[in-house]
Structure formats: C-alpha cells, structure tokens
Amino acid sequence: MLSLQQNKSSVTIESMNQYKILIIDDNQSVLRTLKLVLNGVFRTVVTAPDPKLIPALLQAGDVDVVLLDMNFDARKLDGEEGLFWLNRINEIPNAPAVVLITAFGDIDLAVRSVQQGAEDFVTKPWDNQALIQKLEAAIEKHRAKQQTVSLAAEAASLHDQIAADQQLSLDELEKKHILEIVDQEHGNLVNAAERLGISRQTLYNKLKKFGVLH
C-alpha cells in the first residue's frame with residue numbers, strides 16, 4: 001500500500017460530496033487508512049471489521065455505497081465471503097452501491113463480482129484518486145439503475161391500469177370517474193358536481209344508480 005502522505009498529495013478534492021460510505025474490512029490498518037483518505041471526500045465515513053454487522057449498519061437506509069473486502073478468513077482467500085455478503089446486500093430493498101476490494105483479486109473474480117451486482121472492483125494496494133473516482137462513479141451508476149427500474153415499474157403499472165380501464169364498460173368508466181371526483185372532494189357533492197359539470201341533483205341520481213346512495 002502506498003504511504004498515506006504520498007497518496008494524499010496526488011488527490012485533488014474540490015468539495016466534499018454528500019454521500020455516506022460504509023467500509024467493511026477485517027484489517028484495522030486498512031480501515032484507518034481508508035477513513036483518513038475518504039473523510040475529506042464523503043460526508044460520512046463508517047468503518048466496521050465484521051461483515052455480520054452489515055444488516056444493522058444498513059438498516060437506516062442512508063448508506064450510498066459499501067466498500068466491501070472480499071476475504072475475512074485467512075484460511076480462505078477465494079473471495080467467496082465477499083460475494084456472499086454482496087448478495088446479502090443486494091437482497092435489501094433500495095440497497096446501496098457495492099464496490100469490492102481485495103488484495104487477492106483477479107480478472108475472473110472481478111467479472112464474477114460485477115455479474116452478481118457489484119458496481120466495481122478495486123485491488124489492494126489502491127490509488128486514492130482512482131478509488132475515489134470509482135466510488136463516486138459507482139454511486140451515480142447505481143442510482144441510474146435504480147431510477148430505470150423505478151420508471152419501468154411505473155410504466156408497467158400504468159400499462160396495467162390502461163388495460164384494466166379498457167375492459168370497463170362506458171357506465172363503469174363513468175362510475176369510476178365520478179367516484180374519484182367525489183372522493184377528491186371528500187364527499188362534498190356540490191363541489192364534485194361543479195367539477196363534473198352537472199347539477200347536484202344529477203350527481204345525486206347517478207350515485208343512487210351506482211348503489212352508492214340509497
């Protein structure tokens with residue numbers, strides 16, 4: 001790993017971003033170094049040595065990116081632990097972006113991590129400037145993905161609603177529209193009739209026909 005002073009001199013930071021980062025690594029020296037490097041860049045930097053703390057630390061839903069080590073057991077350095085926790089994070093609703101970091105990285109592992117949902121992959125020793133750029137890019141990329149998924153869900157919902165409306169008869173469509181207006185006016189028939197462009201008596205008669213009034 002490069003010395004902190006040497007690496008920090010190459011980092012030019014115009015302003016602190018508003019992101020919160022969670023760093024998970026069992027090496028306390030790595031955690032201290034990363035916290036010093038990222039404190040001037042991220043609004044909040046949280047570190048933890050045990051991945052079992054991840055569910056609790058993400059519970060508030062305010063973490064933008066997780067920088068996750070891939071190995072926590074010195075007897076097993078194949079990155080499977082990192083992939084396991086990557087999958088657990090991705091199961092959380094509105095999960096943050098995840099960037100994996102390891103001293104034992106290779107191309108195959110990098111490809112596997114991205115295929116399983118990581119936004120990027122960093123190897124130790126790292127370059128501070130490149131790390132910061134990757135973390136911020138990962139957040140923006142992840143947010144763009146989430147927005148795309150959200151828009152797709154809204155479009156699917158709208159499509160389903162249109163399809164459902166097309167199955168309604170004219171009377172059912174009229175009933176649906178009138179009841180929506182009455183509901184929006186909190187049951188005030190005078191206001192609802194005015195919005196519908198009909199008299200209060202006509203509205204009253206329609207509601208009786210619909211079985212809303214008796």
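**Strands, rings and backbone**

Tutor: In this predicted model, strands β3 and β4 pair in the parallel sense, and 5 bridges join them. Within that pairing, Asp69 has Ile101 of β4 as its bridge partner.

Student: What is the order of the strands in the open sheet?

Tutor: The sheet is open and has 5 strands with parallel pairing. β2 and β5 (120-123) each have a single partner strand and stand at the edges, so one side of each is left without a neighbour in the sheet. From one strand to the next, the twist averages 20°. The order is β2-β1-β3-β4-β5.

Student: Which residue of β3 is the bridge partner of Leu22?

Tutor: Strand β1 runs parallel to β3 (residues 65-69), and 4 bridges join the two. The bridge partner of Leu22 in β3 is Val66.

Student: Is Lys20 buried or exposed?

Tutor: Lys20 is found in strand β1. Leaving aside neighbours within four places in sequence, its contacts include Phe42, Arg43, Asp62 and Asp64. The cut-off for a buried residue is under 20% relative accessible area. Because its relative accessibility is 14%, Lys20 counts as buried.

Student: Which parts of the chain does the pair of Tyr19 and Phe42 tie together?

Tutor: The structure holds 2 aromatic pairs. In one of them, Tyr19 and Phe42 are tilted, at 6.5 Å centre to centre and 50° between the planes. Both Tyr19 and Phe42 are buried. Tyr19 lies in the loop between α1 (4-8) and β1 (20-24) and Phe42 in the loop between α2 (28-38) and β2 (44-48), so the pair ties together parts whose separation in sequence is 23 residues.

Student: What is the angle between the planes of Phe84 and Trp85?

Tutor: Phe84 and Trp85 form an aromatic pair at 5.2 Å centre to centre. Phe84 counts as partly exposed at 42% relative accessibility, whereas Trp85 counts as buried at 15%. The pair is edge-to-face, and the angle between the planes is 90°.

Student: Which residue has its charged end over the ring of Phe84?

Tutor: The charged end in question sits 4.6 Å from the centre of the Phe84 ring. The residue is Arg88.

Student: At the start of α2, which residue has a side-chain oxygen that reaches the backbone nitrogen of Ser29?

Tutor: Among the buried residues of α2 are Val30, Leu31 and Leu34. At the start of this helix, the backbone nitrogen of Ser29 has a side-chain oxygen within 2.9 Å, and that oxygen belongs to Asn27.

Student: What is the omega of the cis peptide bond between Lys124 and Pro125?

Tutor: Most peptide bonds are trans. Pro125 lies in the loop between β5 and α6 (128-166). A cis bond joins Lys124 to Pro125, with omega about -5°.

Student: What is the phi of Asn94?

Tutor: Most residues other than glycine have a negative phi. Asn94 lies in the loop between α4 (80-90) and β4, and at 72% relative accessibility Asn94 counts as exposed. Although Asn94 is not a glycine, its phi is positive, at about 55°.

Key. Residues are numbered from 1 along each chain as its sequence is written. This is a predicted model: local features need pLDDT of at least 70, side-chain atom pairs count only at pLDDT 80 or more; totals for chains, interfaces and linings use all residues. Side-chain values use heavy atoms; hydrogens and water are left out. Rings of Phe, Tyr and Trp (its six-membered ring) pair if their centres lie within 6.5 Å; planes under 30 degrees apart count as stacked, over 60 as edge-to-face and the rest as tilted. Buried means under 20% relative accessible area, exposed over 50%, partly exposed in between (1.4 Å probe, protein chains only). A charge sits over a ring if NZ of Lys or CZ of Arg is within 6 Å of the ring centre and within 35 degrees of the ring normal. Two strands pair if DSSP finds at least two bridges between them. Axes are lines fitted to C-alpha atoms, for helices over the stretch in contact, and angles run from 0 to 180 degrees between N-to-C directions. Contact means heavy atoms within 4.5 Å. A polar contact is a pair of N or O atoms within 3.5 Å; within protein, one must be able to donate a hydrogen and the other to accept it, and residues adjacent in sequence count only if both atoms are side-chain atoms.
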